[in-house]
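Hi,

Here is the structure I said I would pass on.

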Amino acid sequence: LRDDEDFAEVLGFFATHDANEFDGSLEYLIEKLVAMDTNQDGVIEWSEFRAVVFPPPPSEMDIYMQNYENYLHQVFERIDVDQSGTLSFGEIAEALRDEDVADALGLSGSGLTSIEFVDRLLASLDWDDDNEVTWDEFRVPALAVAVEAFAKTRLEIHLRNVFERVDRDGSGFISIEECVEALRCDDQFAQLLGFEGATSIQTEGEMTHVAVVLAALDENCDGKVSWAELRRAALGEEITEEDPFAEHMRDYEEYLRMVFDRVDANGDGELSYAELVSGLKDPEFADEAGFYGSDMSRGEFAAEFCDALDWDGDKRVVWADFRDAFLQSALDEMHEQRMDQHLRRVFDGIDVECK
């Protein structure tokens with residue numbers, strides 16, 4: 001570095017230089033050398049030195065991650081309607097109406113209502129608890145998930161290749177006969193079943209081990225292993241059943257949106273006092289809002305309704321406030337139903353024992 005201008009230029013210096021602590025050049029030099037030593041063996045090989053000027057082409061993983069980050073930024077900007085550089089609760093909730101955004105954020109198939117989903121999303125992403133999500137807060141966890149997804153996809157491709165090799169007759173299932181045959185010559189399949197490598201099943205203990213493993217994989221007990229069964233076991237995925245109330249809550253939210261849009265006569269996304277008064281003529285809205293049996297006039301009820309849901313005091317009710325209030329009421333009712341069902345089972349169990 002002191003004597004060779006070309007070498008100094010490769011390392012990012014404008015000219016030869018005597019590295020020292022005072023101007024930070026020694027620290028920079030060390031960082032540069034550590035970065036060049038990609039295999040971390042303490043020396044710089046020719047290939048490592050050459051890569052400083054001629055870096056290797058990006059890997060499949062690098063390309064995937066760069067493309068995914070670009071996609072994330074597009075999604076972030078679509079949600080960030082006011083272009084503030086942060087995502088608020090309201091912006092995220094409103095953006096979930098967009099099917100592409102809902103799919104990108106993971107609402108689709110989550111079994112959650114949008115209010116539950118936004119609450120969980122903010123709780124997991126909002127590191128500084130300011131009720132807003134910055135680009136970094138949005139980007140870092142999403143990229144971490146993408147890395148896991150990429151690795152999972154590669155593993156799934158590998159598993160599929162192994163499965164198709166073992167499934168000699170192409171039936172879509174692995175039989176005990178195909179399993180024993182594959183164990184003799186397929187190292188990867190043998191390792192998947194817990195053997196060190198390909199092996200011939202000779203002892204009763206080895207056969208028992210194979211039978212136990214296959215039985216564990218065979219979820220529906222039909223005597224054979226499907227691709228879905230092998231995949232779930234290898235990837236550690238559980239068979240999950242959706243909460244029976246989840247679909248009801250999603251349908252109810254869609255119904256609420258339809259009612260809201262009907263009451264929102266001017267289509268500005270907000271309900272004014274006048275629209276609420278007029279909307280109470282709609283039997284469905286009046287029933288959902290609890291107007292019937294309130295012994296109030298439409299004007300009195302609309303005023304109380306507006307005061308209860310108008311969180312920012314602007315005398316208007318936005319969709320997010322409207323939806324959250326009704327969904328919370330529905331969740332409370334759902335919880336009460338579940339408690340009632342549980343208490344009934346307890347009561348009936350005791351009642352049977354006493355008879």
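Below is what I found, starting with the whole chain and then going place by place.

First, some housekeeping. This is a predicted model, where local features need pLDDT of at least 70, side-chain atom pairs count only at pLDDT 80 or more, and totals for chains, interfaces and linings use all residues. Residues are numbered from 1 along each chain as its sequence is written, and side-chain values use heavy atoms, with hydrogens and water left out.

**The whole chain**

The protein has 17 helices and six strands. Helices (H or I, at least four residues) and strands (E, at least two) are DSSP runs, numbered from the N terminus. Of the 355 residues, 33% are buried. Here buried means under 20% relative accessible area, exposed means over 50%, and partly exposed is in between (1.4 Å probe, protein chains only). A contact means heavy atoms within 4.5 Å. Among contacts with a separation of 6 or more, 46% are between residues 24 or more positions apart.

How far apart are the end C-alpha atoms of helix H8? They are 46 Å apart, which agrees with the 46 Å that its 32 residues (135-166) should span at 1.5 Å a residue. The expected span is 1.5 Å times one less than the number of residues. Buried residues of H8 include Phe138, Leu143, Phe150, Leu159 and Phe163, and Glu137 is also one of them.

Helix H11 (residues 204-217) has 14 residues and reaches 20 Å from its first C-alpha to its last, close to the 20 Å expected. Its buried residues are Val210, Val213, Leu214 and Leu217. Seen down the helix axis, these fall within an arc of 95°, so they line one face of H11. (The arc is that of the directions from the helix axis to the C-beta atoms.) The cover over them includes helix H9 (176-185), strand S4 (225-226) and helix H12 (227-235). On the face turned away from the buried side sit the exposed residues Glu204, Val212, Ala215 and Ala216.

Asp126 lies in the loop between helix H7 (114-125) and strand S2 (132-134). A salt bridge is a side-chain nitrogen of Lys or Arg within 4 Å of a carboxyl oxygen of Asp or Glu. The Asp126 side chain does reach the backbone nitrogen of Asn131, at 2.7 Å. Leaving out residues up to four places away in sequence, Asp126 touches Asn131, Glu132 and Glu137.

Asp129 is in the loop between H7 and S2 as well. Its phi is near 55°, a positive value in a residue other than glycine, and Asp129 is exposed at 64% relative accessible area. Asp295, in the loop between helix H15 (283-289) and helix H16 (298-309), has a phi near 60°, which is also positive. Asp295 is exposed too, at 80%. As background, most residues other than glycine have a negative phi.

**Salt bridges**

The structure holds 14 salt bridges. One of them joins Glu156 and Arg231, with the closest N and O atoms 2.8 Å apart. Glu156 lies in helix H8 and Arg231 in helix H12, so the pair ties together parts that are 75 residues apart in sequence. Glu156 is partly exposed at 24%, while Arg231 is buried at 19%.

Another salt bridge is between Arg262 and Asp282 (2.7 Å, N to O). This pair links Arg262 in helix H13 (residues 244-263) to Asp282 in the loop between helix H14 (273-279) and H15, 20 residues apart. Arg262 counts as partly exposed at 39%, and Asp282 as buried at 18%.

Then there is Asp268 with Arg316, whose closest N and O atoms are 2.9 Å apart. Asp268 lies in the loop between H13 and strand S5 (270-271) and Arg316 in the loop between H16 and strand S6 (317-318), so the pair ties together parts 48 residues apart in sequence. Finally, salt bridges that share partners join Arg262, Asp282 and Glu284 into one network.

Cheers

Note on methods. Polar contact = N/O pair within 3.5 Å; in protein donor to acceptor, adjacent residues only side chain to side chain.
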